[in-house]
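Here is a friendly walk through a single protein chain, from its overall make-up down to a few residues. Have the viewer open as you read.

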Amino acid sequence: ASQLFHRDLHDNPLVYVIVLIEDVTMECGPWVFLPASVSERASRAMRYQKRGSPYRVTDEEMYKHVDPAEAVTFAYPKGTVLFIDSSRCFHYGSRLSYTPRMQMMYAFTSVCRTDFSQTFMQPFPYPVNSNDSRLRKMVLQ
């Protein structure tokens, strides 16, 4: 489910400090995010967090409202550090991950979470196709 754009809603602000332990390349399925100003523009255009709007957003929907060139791909050498408020910035990770992405993530949140969405939201259904491997079918069905 982290492979679609979303903003973390369980706290505000929710600050991540991400430290790359090994070099991250495109083959690692790097973290991709939209800066806060771009995310805010997209949120307004899509009426994100309003009744009837989805929590996870497809690329197709997102890129109707923002230029794909505005996305930042966090693929850098080991030791690179990112500070980001994931409650304000749309992000996703783990797409097309062929090699492990080695990173350490610290989350700074308040002592009380501000959402209870997991008590009522339906899980995101992963597609299962007839030509998928037996393992994928077993895991997702």
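## The chain as a whole

Among contacts in the protein chain (heavy atoms within 4.5 Å) between residues at least 6 apart in sequence, 87% join residues at least 24 apart. Please keep in mind that this is a predicted model, where local features need pLDDT of at least 70, side-chain atom pairs count only at pLDDT 80 or more, and totals for chains, interfaces and linings use all residues. Residues are numbered from 1 along each chain as its sequence is written, and side-chain values use heavy atoms, with hydrogens and water left out.

The protein chain has three helices and six strands; these are DSSP runs numbered from the N terminus, helices being H or I of at least four residues and strands E of at least two. Read from the N terminus, the order is β-β-α-α-β-β-β-β-α. Of the 141 residues, 32% count as buried, where buried means under 20% relative accessible area, exposed over 50%, and partly exposed in between (1.4 Å probe, protein chains only). The accessible surface comes to about 9,300 Å², and 57% of that belongs to carbon and sulfur atoms; these areas come from the Shrake-Rupley method with a 1.4 Å probe, and for residues, only the protein chains shown count as cover.

Strand β1 (residues 15-20) is joined to β4 by five bridges, and Ile18 has Leu82 as its bridge partner in β4.

Strand β2 (residues 31-33) pairs with β5 over two bridges, and the partner of Phe33 in β5 is His91.

## Ser86, a buried loop residue

Between β4 (81-85) and β5 (91-92) there is a loop that holds Ser86. Ser86 counts as buried because its relative accessibility is 0%. Leaving aside residues up to four places away in sequence, Ser86 touches Arg7, Asp8, Leu14, Tyr16, Trp31 and His91.

With Asp8, there is a side-chain to side-chain polar contact at 2.7 Å. A polar contact is a pair of N or O atoms within 3.5 Å; within protein, one must be able to donate a hydrogen and the other to accept it, and residues adjacent in sequence count only if both atoms are side-chain atoms.

## Positive phi between two helices

Most residues other than glycine have a negative phi. Arg47, in the loop between α1 (36-46) and α2 (59-62), has a positive phi of about 55°. Gln49 is found in the loop between α1 and α2, and its phi is near 70°. Arg47 counts as exposed because its relative accessibility is 53%, while Gln49, at 48%, is partly exposed.

## Cysteines

How many disulfides does the rule give? The count is zero, a disulfide being a pair of cysteine sulfur atoms within 2.5 Å. Cys28 is buried, with a relative accessible area of 4%, and Cys89 is buried at 6%.

How values were computed
Two strands pair if DSSP finds at least two bridges between them.
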